[in-house]
Amino acid sequence: MNQIIHESSTFNVEVPEKPFVDREDGGHLRVSSKLKVKDCTELSYEQTVEYALLSQVVGKAMELAMTKRGIEIGNMNWQEMGNWSVFKPEGITLHIHLFGRAKNAKVQKYGEAVKLPFRETGFYDEFKPLNEEDIKQIKIEIADLLKHDKYTSLDSKNI
């Protein structure tokens, strides 16, 4: 089960139990909609702003936290994906993946595209999710960033 580490009025920030990027390679978070919407075109203006700001805050928080935890993040990748859910009964629900890209990554190498083969290939089987100390630091960074004028001035009370 994915662990929810932050909630806004419309979205959850989750630590995937089975990440696409191993913790040591930079880690993986996901921002998921609480609403049953297929993609961002189905969001209201306010929800779109909330989604963009929350994704931005969480990405920066992850970068800061993982670097403080000894994994030097050279870049963050944000990827909206949903194609794997097209044939599932519940269908696609809006979400964005946040991938930390560690400069010394071993598998999902820095400077290369994230490899995303189907789960059945076993490619991700040994990948470890973010740990409790990583999550604790990410939560601290989220809280600190949400105090910044850059976010409060944009009516981000919901994020």
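Reader: In which loop is R23 found?
Author: The model is a predicted one. In it, β2 covers 11-15 and β3 covers 28-33. R23 is found in the loop between β2 and β3.

Reader: Is R23 buried or exposed, and what is its relative accessible area?
Author: A residue counts as buried under 20% relative accessible area. R23 falls under that cut-off, so it is buried, with a value of 11%.

Reader: What is the order of the strands in the open sheet, and which strands stand at the edges?
Author: The sheet has 5 strands with antiparallel pairing, in the order β1-β2-β3-β5-β4. Two of the strands have a single partner each, so one side of each is left without a neighbour in the sheet. The edge strands are β1 (3-7) and β4 (73-80).

Reader: How many bridges join β3 to β2, and how many pair β3 with β5?
Author: β2 and β3 run antiparallel and are joined by 4 bridges; within this pair, E14 stands opposite R30. On β5 (residues 95-102), H95 stands opposite S32, and L98 is the bridge partner of L29. The antiparallel pairing of β3 with β5 extends over 5 bridges.

Reader: Which residues of β3 point one way, which point the other way, and how many are buried?
Author: In a regular strand, side chains alternate between the two faces of the sheet. In β3, H28, R30 and S32 point one way, while L29, V31 and S33 point the other way. Both sets are buried, and the count for β3 is 6 of its 6 residues.

Reader: Which strands does helix α1 touch, and what angle does its direction make with β4?
Author: Helix α1 (residues 45-68) packs on the sheet. The strands touched are β1, β2, β3, β4 and β5. With the direction of β4, the helix makes an angle of about 150°.

Reader: Where does helix α2 lie, and at what angle does it run to β1?
Author: Helix α2 spans residues 132-146. This helix lies across β1, β2 and β3. Its angle to β1 is about 10°.

Reader: What pattern does the protein follow along the sequence?
Author: The protein has 3 helices and 5 strands. Read along the sequence, they follow the pattern β-β-β-α-β-β-α-α.

Reader: What radius of gyration does the protein have, and what would a compact globule have?
Author: The C-alpha trace spans about 40 × 40 × 25 Å along its principal axes. For 159 residues, a compact globule would have a radius of gyration near 15 Å. The protein agrees with that, at 15 Å.

Reader: Where in the protein is confidence lowest, and where is it highest?
Author: The average pLDDT is 91, and 94% of the residues score at least 70. Confidence is lowest in helix α3 (residues 149-152), with a mean of 68. It is highest, at 97, in β5.

Note on methods:
Residues numbered from 1 in each chain as written. Predicted model: local features only at pLDDT ≥ 70, side-chain atom pairs only at ≥ 80, totals over all residues. Heavy atoms only, no water. Buried < 20%, exposed > 50% of the residue type's maximum accessible area, 1.4 Å probe, protein only. Pairing = 2+ DSSP bridges. Contact = heavy atoms within 4.5 Å. Axes fitted to C-alpha atoms, helices over the stretch in contact; angles between N-to-C directions. Rg over C-alpha atoms; globule rule 2.2 N^0.38 Å. pLDDT = per-residue confidence, 0-100.
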